Amino acid sequence: MKIQVDRNKCTGIGICEALCPDTFEVDDHGKLQLISGDTIPKDLLAEVDSAISGCPTGALSKQAC
Ligand code: SF4
């Protein structure tokens, strides 16, 4: 699975980072970075799902590879 970020919706609030810090990081410029790229490691799927659900702007989604 891959993470997709809609940059037009992301406001850099960082809830995703709080829920899944191994995958998401908001940099000093307020821009979301995917720490290990856009492929979701299997052991982080549950955390990424919670980040997708927790994003208040609906900027995150996932897609089959
Ligand atoms: S929670 Fe959503 S809006 Fe906030 S930084 Fe993450 S993707 Fe962007």
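1. Let's start with a term: a residue is buried when its relative accessible area is under 20%, exposed when over 50%, and partly exposed in between (1.4 Å probe, protein chains only). By that rule, 25% of the 65 residues in the protein chain are buried.

2. A word on what you're looking at. This is a predicted model, where local features need pLDDT of at least 70 and side-chain atom pairs count only at pLDDT 80 or more, while totals for chains, interfaces and linings use all residues. Residues are numbered from 1 along each chain as its sequence is written, and side-chain values use heavy atoms, with hydrogens and water left out.

3. Next, the fold. The protein chain has two helices and four strands, in the order β-α-β-β-α-β along the sequence. Helices (H or I, at least four residues) and strands (E, at least two) are DSSP runs, numbered from the N terminus.

4. Have a look at T23, in the loop between α1 (15-19) and β2 (24-26). Why does T23 count as buried? Because its relative accessibility is 5%. Leaving out residues up to four places away in sequence, T23 touches I3, Q33, L34, I35, L44 and V48; contact means heavy atoms within 4.5 Å.

5. Contacts across the chain are worth a glance too. Of those between residues at least 6 apart in sequence, 60% join residues at least 24 apart.
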